[in-house]
Amino acid sequence: MMNRIAPFALLALAVALYFALPYNLAFLTRILIMAVLVLSLDLVLGFAGIATLGQAAFYGAGAYAAGLFAIHAWADPIAGLVVAGVAGAVLAFISGLIVLRAHGLTLIMLTIAVAAICHEIANKARDVTGGADGLRGIRMEPVLGLFEFDFVGQTGFWYALAVLAAVFTFLTLLTRAPFGLSLRGIHESPERMAAIGTSVYWRRVAAYTLGGAIAGVAGALSAQVTQLVSLESFSFTLSAEALIMLILGGTGRLYGAVLGTLVFMFVHHWAAANDPFNWLFVIGALVLAVVFFLPRGLVAVPTALKRLGGQNAGS
Amino acid sequence: MTLFLNILVDGVAYGMILFMISVGLSVTMGLMRVVNLAHGGFALLGGTFAHWFAAELGLPFWPALVLAVALTVALSLPLERVIYRRIYGFTDLQQVLATIGLTFLMIASVNLWQGSSLLPVPLLEGLKASVDLGFRTLPAHRLMVIAAGLAVVLGLWWLLERTRFGIRLRAAVDNRGTASAHGINTDRIFMAAFGLGAGLAALGGVLGAEILPIDAYYPLRYMVLFLIVVAVGGMGSIAGSFLAAIGLGLLETAARYLAPDFATILFFALVMALLALRPNGLIVRAQ
Amino acid sequence: MTRAIRAALVAVTATLLPAASPADTIKVGVVAPFSGPFAIYGKQYQEAVETYVAQHGTTAGEHEIEFIYKDVGGPNPDQSRALAQELLIRDQVDYLAGFTFTPNALAVGPLIEQSQTPTVIFNAATSSINKESEFYLRTSYTLWQVSAPLAEWAYDQGMRTVATTVTDYGPGIDAENAFKAAFEAKGGEVVDAIRMPLATTDFTPFIQRVRDAAPDAVFTFLPGGPPTFTYTKTYNENGLAEAGIKFLGTAETEEVNLQGLGDAAIGLTTAYHYSGAHDSDENRAFQAKLTELFPDAIANWASVGAYDGTHLIYQMVAAAGTDGPAAVEAAKTLEWESPRGPVKMDPETRTLIQNVYIREVARDEATGQLVNRETGVIATVGDLGWDK
């Protein structure tokens, strides 16, 4: 049930937020972009079971690819998304060949190392990327040649929402297709899947590559909307925050990824506006509360409510 | 030749600092198998208490160090009771989330108490001096860290391999049920081991503070560094962590001497190569 | 704001706008980090702004002034731009200020260009930011502005060989280029130019390399916080000062972390535009008010950048109100006596022309605190990096 209703509820919520917060469109757009990144992580981690703390590598690759493409080749937004998706996919495929041979902590460390190397390369290639000052001079053409990026951020909002919806739909279909089901099988029991003749390694590489492409698209959105790309798009903090949002919402459910992003960013926005110095208290308490009381993430809230706050689900 | 000796001396000195700051993690994460991202948080608490005792209350260095470690251990035990005991059975990802949440709370607390500027721990005058090695000098506190690192590695080896506590801990980690059935109080063993990990974290935080200075964001800033040492060393192996720390220290120091421009890329590329070749770390603990 | 944008805004927000603020209140949006590892910058800015307001009241000319603070968290251009948008659209600010990091400042460029909003940079020190829009004004300094005079001074003191050690990122490389160009133009020689990785924790290898090269001095540029702390300690412990290799820096001995460096910092030489120990009535009045309002506050370059930035905003508001282009025009001819010394806005670069002082860290006998003791003015310059 939830699987069918939740996406439409979230879409309705996004439209409602557009009208409720017309002056905060830039903030809402950031949530949408982040949700695309967290969805890519959900595919990689929630479905394929690949624990990574380096998803920012592909986000950053996409952001720089889209930025450079717009500056030097063609400033069409959709073309930029495609280029960024390819950039993210290529990097994910090549690094995945090495990284996915490992498991557990080693795998996590390898993904961190990939992102760190990308960060350093972007920093060193100052002539191309602008280094720590950021890649500037990105001026986008109208979306589909029709909708110009406006000052208030309306175009940016609808554009990001459309991309998010497209990614969400794509992932929904994918996870129900045989490929998605086999990923779930691998996640639950790699040995059994191997026994029935599935190449676990190559399926994981494929999922990782797809995840890289989607993260690249998220990076491109950020580059196009902000008109600037900085080294921070490769940062460990970004990877870690995306992971927190995903686990917060609940892994392995696409709407959980969106919900987690929404809640995390709203709490952050609210806490940082009220008491920035102490906002970490709020976010730390929220994270701990979710682990202990909603171990399956925020998606479990309805179930938990049904049980009328019964036993602590954390033990 | 001088260059080679320089790399050797500085590499070992730096590697020993890496060992000191991450050895606590190889106890909690390596031996006890908790993805303990809050390790840096305990180091931060140790460093903050040492700053408070030494710089604000005016205690000399050694008593401040001992009190800071003791206070961190005293804080870690109730935390183990209330939080960690419940997360031992969680999945890795839930452990990540829980310990990150805890880290945030620790950072926020130190931030509220001491602000976000650096929290230096004043050293003894004797430790500030330079020691002449013949071909160059080395700060005395680096020698002190080298000595402390050797003492810790020997002490841990003795504790884990030669005492009843060590045998019981390994039994409890390998199979908690069986260990309990044999009359081992696993709750108490885990609590003691956790306190040991937190104490070592605090000790490393204070002794390493000359290179990795303490401030509220310490746990996040150096989280990757701690994790690399433990991952390269191999989970559950103190000797592996020791080898990894010295090796990485030498590697990074050599890269900084020989090719400073590419030191970061070189460092991570070599870590990747090492992990790809030995995915379970340098030393794999026999099961 | 341009008429077109105003019209667009009215169209969007006509039905939803909260009760509009009185026309005579002009709002200033301050975008700075108030959380995370860089929270100290936001705190310094806010304290300095409030100090200025306490001294000069809340009115400038005919207008009331109100400051709105937004937390950007760190180097994060996405957030910086989103906050600027929110400030311009929802809060209807007429001035922007703050900006610690270069990418954060650059990210608002397209916005302020469209809305014609004067934007006062309290810190970000990359020269080329101001080229992106006519509406950027800067009350801090640029890396060239302090590094080049330092190089010339070093040569005049008889130093002929220098090794440079800078952190390997944009600002560090700017500082290296500036120092090298000025030093070589005088006839000096840069014997070794080392770029140290951003993630460096142990500086011993670089310091040893400098020691082995035995130049007359070592010039350095480091990001604030832990790297500065470790670098200066390593410099001392490896006996470079005893070996006659002088330390030349810029922001490394800034006041907030100076006490933390301890006695190891004594004797370090830096060239900079502001010292907390600057001997003038303006500086004393500023610091007296600052510590009266915030007993723990320490004045440093971040506070003085924000304090002068606030002064600049007051002058612009008094002269031109909400008219952005006129405000920037008015700002271009301003000169005043700042706590740092006499300053003057350069009409071309829109960065302050100011004194650069040579300072040496010493322990103040009266208070027992470490201070940056000014030993002289070495140059009065504008942004030397503008044409590079």
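Two strands are taken to pair if DSSP finds at least two bridges between them. Helices (H or I, at least four residues) and strands (E, at least two) are DSSP runs, numbered from the N terminus. The model is predicted: local features need pLDDT of at least 70 and side-chain atom pairs count only at pLDDT 80 or more, whereas totals for chains, interfaces and linings use all residues. Residues are numbered from 1 along each chain as its sequence is written, and chains are lettered from A and ligands numbered from 1 in the order in which they are written.

In strand 3 of chain C, Lys70(C) is the bridge partner of Val31(C). The pairing involved is that of strand 1 (residues 25–32) with strand 3 (residues 63–71) of chain C, which is parallel and runs over eight bridges. Strand 1 of chain C also pairs with strand 4 of chain C, in the parallel sense and over four bridges; Gly29(C) stands opposite Leu96(C) of strand 4. Strand 4 of chain C is in turn paired with strand 5 (residues 119–121) of chain C, in the parallel sense over three bridges, and here Gly98(C) stands opposite Ile121(C). An open sheet of six strands in chain C has the order 2-3-1-4-5-6, with mixed pairing. Its edge strands, each pairing on one side only, are strand 2 (59–60) and strand 6 (136–138) of chain C.

In a regular strand the side chains alternate between the two faces of the sheet. For strand 4 (residues 95–98) of chain C, both faces are covered, with Tyr95(C) and Ala97(C) buried on one side and Leu96(C) and Gly98(C) buried on the other. A residue is buried if 20 or more other C-beta atoms lie within 10 Å of its own, exposed if 12 or fewer, and partly exposed in between, with C-beta atoms placed from the backbone.

Chain C as a whole has 13 helices and 15 strands. Buried residues make up 62% of its 388 residues. Its C-alpha trace spans about 70 × 40 × 35 Å along the principal axes. The radius of gyration of chain C, 21 Å, agrees with the value near 21 Å for a compact globule of 388 residues; the radius is taken over C-alpha atoms, and the globule rule is 2.2 Å times the number of residues to the power 0.38. Two residues are in contact if their C-beta atoms, placed from the backbone, lie within 7 Å. Among contacts in chain C between residues at least 6 apart in sequence, 70% join residues at least 24 apart.

Chain C is divided into domain 1 (3–141 + 280–350) and domain 2 (143–272 + 356–381), with bounds from an automatic or database domain assignment. The centres of the two domains, taken over C-alpha atoms, are 30 Å apart. Their contact takes 10 residues from domain 1 and 11 residues from domain 2 of chain C. On the domain 1 side there are six nonpolar, four polar and no charged residues. In this classification Ala, Val, Leu, Ile, Met, Phe, Trp, Tyr, Cys and Pro count as nonpolar, Asp, Glu, Lys and Arg as charged, and the others, Gly among them, as polar.

Helix 7 (residues 170–186) of chain C has 17 residues and reaches 25 Å from its first C-alpha to its last, close to the expected 24 Å; the expected span is 1.5 Å times one less than the number of residues. Its buried residues include Pro171(C), Phe179(C) and Phe183(C). The buried residues of this helix pack against helix 6 (126–129) of chain A, and also against elements of chain C including helix 6 (143–156) and strand 7 (161–167). Gly187(C), which follows helix 7 of chain C, has a positive phi, near 115°.

Chain A has 14 helices and zero strands. The C-alpha atoms of chain A fill a box of roughly 55 × 50 × 40 Å along the principal axes, and 57% of the 315 residues are buried.

Between chains A and C, 27 residues of chain A are in contact with 34 residues of chain C. On the chain A side, helix 2 (25–47) and helix 10 (200–226) are the elements that give two or more residues; the largest share, three residues, comes from helix 2 of chain A. The contact between chains B and C takes 24 residues from chain B and 27 residues from chain C, and the chain B side divides into 12 nonpolar, seven polar and five charged residues.
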